[in-house]
Amino acid sequence: MFGCDKYNIKPYLVSIAKGLSSAYMPIGVVLACREVSDDGIKAFSASPIIGEIRGTGFLVATEFADNKSPNDPFPPEWGVDEIDELISKYGKALKATEERVKELKDQKKKLLISFSEKRMR
């Protein structure tokens with residue numbers, strides 16, 4: 001899947017973006033080896049803008065906060081309101097997409113059942 005696999009290279013970090021969602025959604029991720037991940041968690045946990053770092057196994061999430069209090073709102077200059085606007089603007093489209101995926105899965109299931117029944121005759 002990756003060039004590093006073909007040439008047996010063991011990278012510390014691998015960044016992935018478009019392939020995660022087939023370019024339908026702007027999403028990206030950085031894969032890190034265990035030592036970079038552990039050292040990074042230790043280094044970032046003392047930062048004043050990191051509220052909490054939690055996770056299990058390979059999945060780790062970082063909560064960004066203005067301070068260590070989870071109840072204080074973000075300052076306006078951080079642009080968090082813009083994120084809320086984007087969610088409200090595109091949320092309906094994402095929900096519609098989710099419903100369309102369910103429809104397509106149902107159609108596929110019906111076709112497979114129909115095909116199986118025809119083969120059994």
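Biologist: What makes the nonpolar surface patch, and which residues belong to it?

Modeller: Leu 20, Tyr 24, Met 25, Ile 27, Val 29 and Leu 31 make it, with an area of about 580 Å². A patch takes residues with over 30% relative accessible area and no salt bridge; nonpolar side chains (Val, Leu, Ile, Met, Phe, Trp, Tyr) are joined within 5 Å, like charges within 9 Å. A salt bridge is a side-chain nitrogen of Lys or Arg within 4 Å of a carboxyl oxygen of Asp or Glu. Areas are Shrake-Rupley values with a 1.4 Å probe, and for residues only the protein chains shown count as cover. This is a predicted model: local features need pLDDT of at least 70, side-chain atom pairs pLDDT 80 or more, while totals for chains, interfaces and linings use all residues. Residues are numbered from 1 along each chain as its sequence is written, and side-chain values use heavy atoms, without hydrogens and water.

Biologist: Why is Ile 27 called partly exposed?

Modeller: Its relative accessible area is 44%. Buried means under 20%, exposed over 50%, and partly exposed lies in between (1.4 Å probe, protein chains only). So Ile 27 falls in the middle class. Ile 27 sits in the loop between helix H2 (18–21) and strand E2 (29–32). Helices (H or I, at least four residues) and strands (E, at least two) are DSSP runs, numbered from the N terminus.

Biologist: And Asn 8: why does that residue count as exposed?

Modeller: Its relative accessibility is 58%, so Asn 8 passes the limit for exposed. Asn 8 lies in the loop between helix H1 (3–6) and strand E1 (13–16). Its phi is positive, near 55°, in a residue other than glycine.

Biologist: What makes E3 and E4 a pair of strands?

Modeller: Two strands pair if DSSP finds at least two bridges between them. E3 (residues 50–56) and E4 (residues 59–64) have 6 bridges, so they pair. They run antiparallel. Glu 52 stands opposite Glu 63 in E4. The hairpin has 2 residues between the strands, and Gly 57 takes a positive phi near 60° there.

Biologist: How many disulfides does a search of the whole structure find?

Modeller: It finds 0. A disulfide needs a pair of cysteine sulfur atoms within 2.5 Å.

Biologist: Which class does Cys 4 fall into, and which Cys 33?

Modeller: Cys 4 has 18% relative accessible area, so it is buried. Cys 33 has 21%, so it is partly exposed.

Biologist: How much of the protein chain is buried?

Modeller: Buried residues make up 8% of its 121 residues.
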